[in-house]
Amino acid sequence: MDRYPDILEDILHSDENSDDEWDMLLAETKREEESRSKKRNKHRGSVPGHRIIRRGRVEGHERLYHDYFAPNCVYDAFFRRRFRMGRPLFLRIVNGVEQYDPYFVQTTDAIGNLGLSSLQKVTAAFRILTYGTPADFVDEYVRIRESTAIESLRRFVQAVIAVFGDEYLRPPNNNDIARLLAIGEQRGFPGMLGSIDCMHWKWKNCPTAWQGMYTGHCHEPTIILEAVASQDLWIWHAFFGLPGSLNDINVLERSPVFATLTEGRAPPVNYRINGHDYTMGYYLADGIYPNWSTFVKTIPCPQGLKRKHYAAAQESIRKDVERAFGVLQARFAIVRGPARFWDEETLAYIMKACIIMNNMIIEDEGATNDNDFDGSGENPIVQVSHVHTPEFVDFIQTHHQIRSNASHSQLQSDLIEHLWQRYGQ
């Protein structure tokens with residue numbers, strides 16, 4: 001009331017006080033008190049109108065633990081089916097994520113109540129990834145609210161990439177190259193390092209202003225993943241994020257798939273086919289890819305037994321990358337259905353994390369014949385190099401060698417003869 005001394009003094013000393021003046025004073029005072037009250041409550045206390053739900057977070061953790069992680073758990077036989085991986089691998093991921101990001105460490109609130117455990121947060125993220133369910137679907141079992149589940153998912157995929165990305169999503173080293181070349185030789189394609197193709201992921205919540213740019217032959221907004229996979233379905237290269245209006249050639253022109261080869265940092269690849277020596281590996285590709293020396297394509301309308309045999313073999317083995325896409329979508333249903341997130345960055349994190357965990361599952365289940373995938377191999381520890389970098393002329397020369405049509409035709413002819421001499425006769 002100290003803001004209105006003149007008004008109060010006039011009212012008290014006036015002989016013509018009226019009810020209207022008193023009402024005016026009381027109304028102004030009431031408004032001032034309400035304004036001060038709002039300012040006091042703005043930075044403390046509960047949010048007005050916010051409904052608090054006692055979910056029973058501790059009981060939810062105990063139920064989750066006894067169902068899947070206790071020594072004699074209830075659903076021991078269903079763990080692999082529902083989490084897409086074995087329990088030791090899952091716990092390894094949980095421990096790595098928890099050590100990387102303190103968000104997953106269980107804490108207490110201001111009054112001493114336990115918060116969500118790391119198992120609850122990671123399980124919620126896994127259910128969204130593996131089943132492709134909405135974020136609020138996991139609330140009934142895990143006891144976690146929708147916004148917390150979304151935050152857990154975002155932090156989980158970023159932690160998986162940071163902790164396991166260098167080991168499980170990297171270019172092949174010397175040992176890997178030797179193993180891939182041996183597999184290619186056994187299958188009739190010496191020098192083959194895998195197969196390459198693109199996959200479209202539907203973007204349901206694509207912003208309206210971007211839908212024209214992201215809509216292509218699928219007639220709905222999509223985001224493209226370019227990948228290279230080997231026979232064991234291990235994904236060696238993943239390039240994600242380009243709009244669905246582009247085709248495979250446009251994606252290739254922007255892809256770093258041949259960056260290390262062009263810069264002279266790729267491991268050496270030497271092999272011999274039909275009396276000709278080659279120094280660059282290749283990928284099996286479909287017909288849309290250009291006639292480069294690093295791609296081996298099928299023959300659209302083969303004439304003669306040799307060409308028909310070659311086309312059948314190439315089209316059969318090239319399906320490795322298609323099978324890798326199918327297995328990735330089966331294990332992580334979120335990349336099979338429409339993406340519900342609004343920002344492209346989160347979708348890129350999700351796709352990359354799913355590929356990393358797919359490779360971890362392949363290694364854990366022994367599909368790689370117990371090969372070493374820790375990234376060590378024969379590659380030494382990376383150190384700062386002070387040697388002279390390759391000349392720009394060498395860079396251009398390698399660039400032209402990759403795009404050589406003559407080398408592509410020669411390699412295809414040699415493979416046709418090689419396959420016919422080995423399997424056709």
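I take the expected span of a helix as 1.5 Å times one less than its number of residues. Helices (H or I, at least four residues) and strands (E, at least two) are DSSP runs, numbered from the N terminus. The model is predicted, so local features need pLDDT of at least 70, side-chain atom pairs count only at pLDDT 80 or more, and totals for chains, interfaces and linings use all residues. Residues are numbered from 1 along each chain as its sequence is written, and side-chain values use heavy atoms, with hydrogens and water left out.

**Helix α15.** I checked its length. Helix α15 covers residues 344-364, 21 residues, so at 1.5 Å a residue it should span 30 Å; its end C-alpha atoms are 30 Å apart, which agrees. After α15 comes G366, with a positive phi near 80°.

**α8 against α15.** Helix α8 (residues 146-168) packs on α15 at about 50°, and the axes are 8 Å apart. Axes are lines fitted to C-alpha atoms, for helices over the stretch in contact, and angles run from 0 to 180 degrees between N-to-C directions. That makes α8 oblique to α15 (under 35 degrees is roughly parallel, over 145 roughly antiparallel, 65 to 115 roughly perpendicular, the rest oblique). I listed residues in contact (heavy atoms within 4.5 Å). Among them are F156, V160 and F164 in α8, and Y349, I356 and M360 in α15.

**F240.** I found F240 in strand β3 (residues 235-243). Is F240 buried or exposed? At 18% relative accessibility, F240 counts as buried (under 20% relative accessible area; exposed is over 50%, partly exposed in between; 1.4 Å probe, protein chains only). Beyond neighbours within four places in sequence, F240 contacts residues including W201, L225 and M351.
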